[in-house]
Amino acid sequence: MAEHDHRRLAVDTFNETWDLIETADRTEAQDLDMLTAALASRYHWRHAGEPRNHAMSDWQVSRTLAVMGESDLARAFAASSMEICIEHDLDAFMVVFAEEALARALLAGGDKRAARDVLERATALAATIDDAEDRKVAEADLDELRAKL
């Protein structure tokens, strides 16, 4: 498969996953489709993306698993996202989302205290994001998570 085909499929399945994450009252079948799409996006980004895409796809798999209540796997993918951020010296925006994934995974497992600690770290880091629009996106996501704690 050509790289441009992998890229197109990565984007399409990423967006499909996001649509399902935002679907209220998902069915069990939709949850499975959501996870399948997230993993498909991850697969295709590994063939066509840069480290930033790899970190973001692991973030999305983690978020999907957290939404499904699968805390252990969600933590594993959050950790993978963070490892990619560190290995490739990715910017604060990406690190904030890796932290956010970990906080969601911890919350999914019922560990509110640890989730709050990670959220505080992510919030402090979000304040250092240079791009105002990126900072706004990160802070909004963190605020949405904070409301669940």
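## Terms and basis of the model

A residue is called buried when its relative accessible area is under 20%, exposed when that area is over 50%, and partly exposed in between, with a 1.4 Å probe and protein chains only. By this definition R63, at 8% relative accessibility, counts as buried.

The structure is a predicted model, in which local features need pLDDT of at least 70 and side-chain atom pairs count only at pLDDT 80 or more, while totals for chains, interfaces and linings use all residues. Residues are numbered from 1 along each chain as its sequence is written, and side-chain values use heavy atoms, with hydrogens and water left out.

Side chains of opposite charge can pair when their charged atoms come close. With a salt bridge taken as a side-chain nitrogen of Lys or Arg within 4 Å of a carboxyl oxygen of Asp or Glu, a search of the whole structure finds 15 of them. R63, E100, R104, D141, E144 and K148 are linked in a network of such bridges.

One of the pairs is R63 with E144, whose closest N and O atoms are 3.7 Å apart. This pair links distant parts of the chain, since R63 belongs to helix α3 (residues 51–67) and E144 to helix α7 (residues 132–146), 81 residues apart; helices here are DSSP runs of H or I with at least four residues, numbered from the N terminus. Whereas R63 is buried at 8% relative accessibility, E144 counts as partly exposed at 29%.

E144 also meets the side chain of R104 in a salt bridge, with an N to O distance of 2.3 Å. Because R104 lies in helix α5 and E144 in helix α7, the pair ties together parts that are 40 residues apart in sequence. R104 is buried, with a relative accessible area of 8%, and its side chain takes part in a further salt bridge with E100, at 2.1 Å from N to O. E100 and R104 are 4 residues apart in helix α5 (residues 92–108), so they are separated by about one helical turn, and both of these residues are buried.

## A negative patch on the surface

E16, D19, E22 and D33 gather on the surface in a patch of negative charge. Such patches are made of residues with over 30% relative accessible area and no salt bridge, like charges being joined within 9 Å. The accessible areas come from the Shrake-Rupley method with a 1.4 Å probe.

The relative accessible area of H44 is 11%, so H44 is buried.

S71 is found in helix α4 and is likewise buried, with a relative accessible area of 8%. The side chains of S71 and R75 are joined by a polar contact of 2.8 Å, and a polar atom of the S71 side chain lies 3.4 Å from the backbone nitrogen of G109.

## Loop residues with positive phi

D25 has a positive phi of about 55° although it is not a glycine. D25 is placed in the loop between α1 and α2, where it is exposed, with a relative accessible area of 76%.

D89, also a residue other than glycine, has a positive phi near 50°. The place of D89 is in the loop between α4 (71–87) and α5, and its relative accessible area of 68% makes D89 exposed.

## F93 and T128

F93 lies in helix α5 and is buried, with a relative accessible area of 11%. F93 and T128 are 35 residues apart in sequence, while their C-alpha atoms are 8.7 Å apart in space.

How values were computed. Patches are made of residues with over 30% relative accessible area and no salt bridge: like charges are joined within 9 Å, nonpolar side chains (Val, Leu, Ile, Met, Phe, Trp, Tyr) within 5 Å. Lys and Arg count as positive and Asp and Glu as negative; His and the chain ends are not counted. The place of a charge is taken as NZ of Lys, CZ of Arg, CG of Asp or CD of Glu. Helices (H or I, at least four residues) and strands (E, at least two) are DSSP runs, numbered from the N terminus. A polar contact is a pair of N or O atoms within 3.5 Å; within protein, one must be able to donate a hydrogen and the other to accept it, and residues adjacent in sequence count only if both atoms are side-chain atoms.
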